[in-house]
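Dear colleague,

I am handing over the structure below, and I would be grateful if you could look through it before reading on. My notes on the contacts follow it.

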Amino acid sequence: MVRPIASLLLAATLIFACWVNLAQADAPRSTAGLGVVIERATGSVLIVDRSAHKVLQRVEGLGDLSHASVVFSADARFAFVFGRDGGLTKLDLMSGEIAGRVLQAGNSIGGAISDDGALVAVANYEPGGVRIFDADTLEPVARFDTGAKTIGLVDVPGRRFAFTTWDDGEAWIVDMSEPDPVPLIVPGMGAYPYDALISSDGRSYIAGLFGEDGLTLLDLWQDEPEPRRILSGYGRGEEKLPVYKMPHLEGWARAGDRFVLPAIGRHEVLWIDAASFQETGRTQTHGQPVFAVARPGGRQVWVNFAHPLNDTIEVIDTLTGAVIRTLKPGPAVLHMEFSPRGEEVWVSVRDAGQVLIYDTETFAITGEFPAESPSGIFFTARAHRIGL
Amino acid sequence: MPELRPALLLACALAAPLRAAEGEPDPMQLERLVLQDCGSCHGLTRKGGLGSDLRAESLAHWDADGLARVILDGIPGTPMPPWRPIMTDAEARWIADYLLKTE
């Protein structure tokens with residue numbers, strides 16, 4: 001059977017490959033200004049130079065990269081790429097070579113790296129649970145079988161990890177500084193947690209719920225954290241709109257003295273006070289938010305949207321909560337990644353096959369390059385942040 | 001307007017709304033939808049994720065009409081949404097056939 005999309009993709013890939021080869025540099029690289037762009041449909045990633053706005057290299061052979069994510073080694077030399085198919089690939093950003101790869105499960109959703117950089121953890125849908133690997137060798141170190149689809153895996157200070165089960169709403173906290181860690185299991189997180197984040201101070205673990213009108217907070221500074229519902233009833237009992245893409249919760253949620261969070265099944269982002277966790281406001285948005293990402297420093301929040309309203313980004317002013325700018329980057333805006341100080345943001349536009357770079361003060365496009373169905377963009381500065 | 005550039009306009013045209021050609025499914029657009037948008041829950045290779053396994057062999061006990069109904073109406077109480085608001089019957093049927101026939 002002729003697959004028109006496949007042949008188009010192939011042609012585009014070949015053209016792109018020639019172009020990338022010209023751009024490749026043999027000079028030694030510092031990795032501090034680099035990043036990785038996921039090309040979800042072709043199992044490849046681009047190593048990019050953030051300051052030069054350039055692709056340095058394409059690396060292939062990483063498997064099914066739909067919903068792929070990346071964490072970085074403590075020295076930002078290596079990217080650990082978590083694929084949907086359970087593949088964990090360790091990519092050397094200095095050489096562009098694959099330094100190691102394991103197929104650690106059948107179906108995965110994301111990963112994390114411990115605060116000391118020694119352990120890489122992967123959350124799996126099937127078989128449900130978390131597996132932990134030595135970051136140097138990718139040898140298995142530990143596994144925690146939850147018996148359920150496992151989401152919201154984050155690193156927690158103190159060589160710990162936290163994660164949550166979709167099916168039965170349990171949060172698990174594992175302390176890998178212990179020789180034989182026994183998970184602390186916190187039940188009652190709520191119905192169908194779909195993702196979770198940890199605040200950049202490592203204290204607040206917030207899980208979004210698909211099956212309930214609200215989110216759940218754990219205070220990880222407590223020895224025995226108790227789940228606390230926040231934003232309970234934010235949907236006012238109204239029927240959710242059909243959700244064509246689950247929102248994502250990421251550790252860029254703090255803007256000023258508030259957290260900003262995507263509502264599910266509603267055209268809204270929700271603001272809560274970062275101390276009391278009480279709702280302080282809402283912003284009506286163009287569509288159902290997928291990412292609501294605070295610009296580093298928190299001055300603005302950039303929001304992208306679920307299918308079929310996913311050609312748009314709205315920029316919200318943190319002080320007023322008002323939408324101050326609407327951008328139309330193109331079809332299927334999947335992800336936004338800010339430079340570490342927030343002066344620019346890179347945007348993946350999947351169905352245009354492009355990454356666009358915006359100046360966050362002027363909103364002008366200052367760079368762009370082709371990419372094959374780009375999704376996640378990850379800069380190495382994440383290596384030095386809790387929860388990323 | 002820096003956002004409106006020729007390359008993007010072309011891409012936007014390619015990704016026109018599913019309802020653009022009422023009653024006449026556009027195979028290229030629908031294949032993209034299956035791979036990319038269904039794929040965000042069911043995986044690009046359709047072997048499942050938060051959503052169930054949609055590979056042809058796993059759907060063998062379904063007929064196309066039944067599958068098309070699930071696509072249009074969703075499965076209440078699960079994350080599978082009803083696609084009827086943004087999809088025609090003919091498009092849902094095309095996707096059902098595609099899922100059953102394409103490895």
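The domain bounds used here come from an automatic or database domain assignment, and the model itself is a predicted one. On that basis, chain A is split into domain 1, covering 104-245, and domain 2, covering 247-328. The C-alpha centres of domain 1 of chain A and domain 2 of chain A are 22 Å apart, and the contact between these two domains takes in 20 residues of domain 1 and 21 residues of domain 2.

On the side of domain 1 of chain A that touches domain 2 of chain A, the elements giving two or more residues are β16 (193-198), β17 (204-209) and β18 (215-219) of chain A. Of that side, β16(A) supplies the largest share, with four residues. Sorted by class, the side of domain 1 that faces this contact with domain 2 holds 13 nonpolar, four polar and three charged residues.

Turning to the contact between the chains, it draws 31 residues from chain A and 28 residues from chain B. Which elements of chain B give two or more residues to the side that touches chain A? They are α1 (6-14) and α2 (27-42) of chain B, and α2(B) gives the most to that side, with eight residues. The residues on the side of chain B that touches chain A comprise 15 nonpolar, eight polar and five charged.

With best wishes

Key: Residues are numbered from 1 along each chain as its sequence is written. Chains are lettered from A and ligands numbered from 1 in the order in which they are written. This is a predicted model: local features need pLDDT of at least 70, side-chain atom pairs count only at pLDDT 80 or more; totals for chains, interfaces and linings use all residues. Two residues are in contact if their C-beta atoms, placed from the backbone, lie within 7 Å. Ala, Val, Leu, Ile, Met, Phe, Trp, Tyr, Cys and Pro count as nonpolar, Asp, Glu, Lys and Arg as charged, and the others, Gly among them, as polar.
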